[in-house]
Amino acid sequence: MLEVCHVKKKDLVQVMTGKERGKTGKVLRVHHKSSRVVVEKLNIIKRHTRPTGKTPGGIVEKEAPIAASNVLLYCEKCGKGRRTVVKKSEKAKLRHCRKCNTALDK
Ligand SMILES: [Zn+2]
């Protein structure tokens with residue numbers, strides 16, 4: 001399997017660049033083809049929608065994808081986003097914080 005992104009769904013990540021720099025959030029979706037991630041409540045864009053039969057229309061706030069290279073997996077021990085190293089165990093490949101060596105996969 002090709003692993004394009006270093007983050008995956010439900011990961012807690014910190015944004016390292018751009019207008020959301022320093023903020024953390026949960027990954028909602030990963031777009032492997034474009035190497036982009038959608039992070040909960042971050043990079044909100046406003047969409048103006050027309051009223052349809054079901055919805056009243058108006059302004060809808062929605063998360064826009066961020067380039068995966070702009071986010072890092074969040075390390076609770078360090079209190080910030082960190083680069084990770086992958087260590088293989090018997091069962092799975094686990095990602096560890098490169099600085100404090102804490103396992104970030106549960
Ligand atoms: Zn750490």
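How many helices and how many strands does the protein chain have? It has zero helices and 10 strands. Keep in mind as you look around that this is a predicted model.

**The overall build**

Read from the N terminus on, the elements simply go β-β-β-β-β-β-β-β-β-β. The chain is more spread out than a compact globule, because its radius of gyration is 16 Å, well over the 13 Å that the globule rule gives for 106 residues. Here are the overall values for the protein chain:

| Property of the protein chain | Value |
|---|---|
| Radius of gyration | 16 Å |
| Box filled by the C-alpha atoms, along the principal axes | roughly 55 × 30 × 20 Å |
| Buried residues, out of 106 residues | 20% |
| Contacts joining residues at least 24 apart, among those between residues at least 6 apart in sequence | 39% |

**The sheet**

Now for the open sheet: six strands, in the order β6-β3-β2-β1-β7-β8, with antiparallel pairing. At the edges stand β6 (66-67) and β8 (80-82); each has a single partner strand, so one side of each is left without a neighbour in the sheet. As a bit of background, strands of a sheet pair through backbone hydrogen bonds, either parallel or antiparallel.

Strand β3 (residues 36-39) pairs with β6 over two bridges, in the antiparallel sense. Arginine 36 has its bridge partner in β6, and that partner is alanine 67.

**The core**

Which residues have the most contacts inside the largest nonpolar core? They are Val13, Val37, Val39, Ile66, Val71 and Leu73, in a core of 14 residues. Strands β1 (12-15), β3 and β7 each supply at least two of the core residues, and β7 gives the most, with five.

Leaving out residues up to four places away in sequence, isoleucine 66 touches Val15, Arg36, Val37, Val39, Leu42, Asn43 and Val71. Among these, Val37, Val39 and Val71 are also on the list of core residues with the most contacts.

**Around cysteine 78**

Is cysteine 78 buried or partly exposed? Cysteine 78 is partly exposed, since 14 other C-beta atoms lie within 10 Å, and a buried residue would need 20 or more.

Cysteine 78 also touches Cys97, Lys99 and Cys100, again not counting residues up to four places away in sequence. From C-alpha to C-alpha, cysteine 78 and cysteine 100 are 7.2 Å apart in space, while 22 residues apart in sequence.

Note on methods
Residues numbered from 1 in each chain as written. Predicted model: local features only at pLDDT ≥ 70, side-chain atom pairs only at ≥ 80, totals over all residues. Pairing = 2+ DSSP bridges. Helix = DSSP H or I, 4+ residues; strand = E, 2+ residues; numbered from the N terminus. Buried ≥ 20, exposed ≤ 12 C-beta atoms within 10 Å, placed from the backbone. Contact = placed C-beta atoms within 7 Å. Rg over C-alpha atoms; globule rule 2.2 N^0.38 Å. Core = buried A, V, L, I, M, F, W, Y, C linked by C-beta atoms within 7 Å.
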